[in-house]
Amino acid sequence: MESAAPSPADAARSSTPPRLPPPHLRDPGDAWVEGPDGTRYWGRFGAAGLLAWHPTAGVLLQHRAEWSHHGGTWGIPGGARKLGEDAATAAVREAHEEAGVPLDAVTVLWESHHDLGFWSYTTVVARVDELFDPVLGDAESIELRWVAVGDVEHLPLHPGFAASWPRLRAQLPTG
């Protein structure tokens, strides 16, 4: 008898990443970029994430899979940009794939760019127009949760998100 495939949450707790499709079936953006100091960044064409904000629920955070880069930390859904894909499209697509964010439930407010010259990351900040229950869409998340804005900094945050959170928080609407 064959065993059932592990749930996305069980796979996320594993220290081994899921198998990638063969290179000829992968998007060319799904690759590491190495900086001058040897630090690696995901996304040949850069990366983008969605900071989904709701006035009463807070922000949608993703507890990152143990096998992922900075695994076990909390951040926002996101990932590699595809060739020619703008940051907002990439962030919303990734959030839909990873967290079940309905494509028509968010309104983009602004973007925050972090450009290293050889790689960039864009945080796309969006207001959630209709509150939804997030859904684990793949093995990249252990958990998804709405977190009150004032409680975010109490979680073990992804280093990049931790560095940008104070500035992003200060720019969120107050209601």
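Which side chain meets that of E153 in a salt bridge? I will come to that pair after a word on the model, which is predicted, not experimental.

First, the overall layout. The protein chain has three helices and nine strands. Read from the N terminus, the order of elements is α-β-β-β-β-β-β-α-β-β-β-α. The chain has 175 residues, and 45% of them count as buried. If you take contacts between residues at least 6 apart in sequence, 64% of these join residues at least 24 apart.

Now the opening question. The partner of E153 is R169, and the two side chains meet at 3.2 Å, N to O. E153 sits in the loop between strand 9, residues 141-147, and helix 3, while R169 is in helix 3 itself, so the pair ties together parts that are 16 residues apart in sequence. Both ends are partly exposed: E153 has 39% relative accessibility, and R169 has a relative accessible area of 34%.

A search of the whole structure gives six salt bridges. Some of them share partners, and these join E85, R93, E94 and E97 into one network.

E143 and R145 form a salt bridge through their side chains, at 3.1 Å, N to O. E143 is partly exposed at 28% relative accessible area, and R145 is partly exposed at 32%. The other pair is D129 with R127, at 2.9 Å, N to O. D129 has a relative accessible area of 40%, which puts it in the partly exposed class.

Let me stay with R127 for a moment. R127 belongs to strand 8, and its relative accessibility is 30%, so R127 also counts as partly exposed. Leaving out neighbours within four places in sequence, R127 is in contact with W53, A105, V106, T107 and L109. Of these, take T107: R127 and T107 are 20 residues apart in sequence, but their C-alpha atoms are 5.2 Å apart in space.

Is E85 buried or exposed? E85 is buried, since its relative accessible area is 11% and the cut-off for buried is under 20%. E85 lies in the loop between strand 6, residues 78-80, and helix 2. What does its side chain pair with? Not counting residues up to four places away in sequence, E85 touches A80, A90 and R93.

The next glutamate on my list is E98, in helix 2, residues 87-99. As a general point, side chains of opposite charge can pair when their charged atoms come close. E98 is buried but has no salt bridge. How far away is the nearest side chain of opposite charge? That side chain is R64, and it is 6.6 Å away, whereas a salt bridge here requires a distance within 4 Å.

E98 does have polar partners. Its side chain makes a polar contact of 2.9 Å with the side chain of Q62. The backbone nitrogen of G78 lies 3.2 Å from a polar atom of the E98 side chain. Setting aside neighbours within four places in sequence, the residues in contact with E98 include Q62, P77 and G78, and also V135, L136, G137 and D138. E140, S141 and L144 are in contact with E98 as well.

Helix 3 covers residues 159-171, which is 13 residues, and it reaches 19 Å from its first C-alpha to its last, close to the 18 Å expected at 1.5 Å a residue. Where does helix 3 bend? The bend is at W165, by about 45°, and a proline, P166, follows within four residues.

W165 is also one of the buried residues of helix 3, along with F161, S164 and L168. An α-helix has 3.6 residues a turn, so residues three or four places apart point the same way. What covers the buried residues of helix 3 includes strand 3 (47-54), strand 4 (58-64) and strand 5 (74-75). Strand 7 (106-115) and strand 8 (120-128) are also part of that cover. Strand 8 is the strand that holds R127.

That is the end of my list.

Terms used
Residues numbered from 1 in each chain as written. Predicted model: local features only at pLDDT ≥ 70, side-chain atom pairs only at ≥ 80, totals over all residues. Heavy atoms only, no water. Helix = DSSP H or I, 4+ residues; strand = E, 2+ residues; numbered from the N terminus. Buried < 20%, exposed > 50% of the residue type's maximum accessible area, 1.4 Å probe, protein only. Lys, Arg positive; Asp, Glu negative; His and termini not counted. Polar contact = N/O pair within 3.5 Å; in protein donor to acceptor, adjacent residues only side chain to side chain. Contact = heavy atoms within 4.5 Å. Expected span 1.5 Å × (residues − 1). Bend = angle between axes of the 7 residues up to and from the residue.
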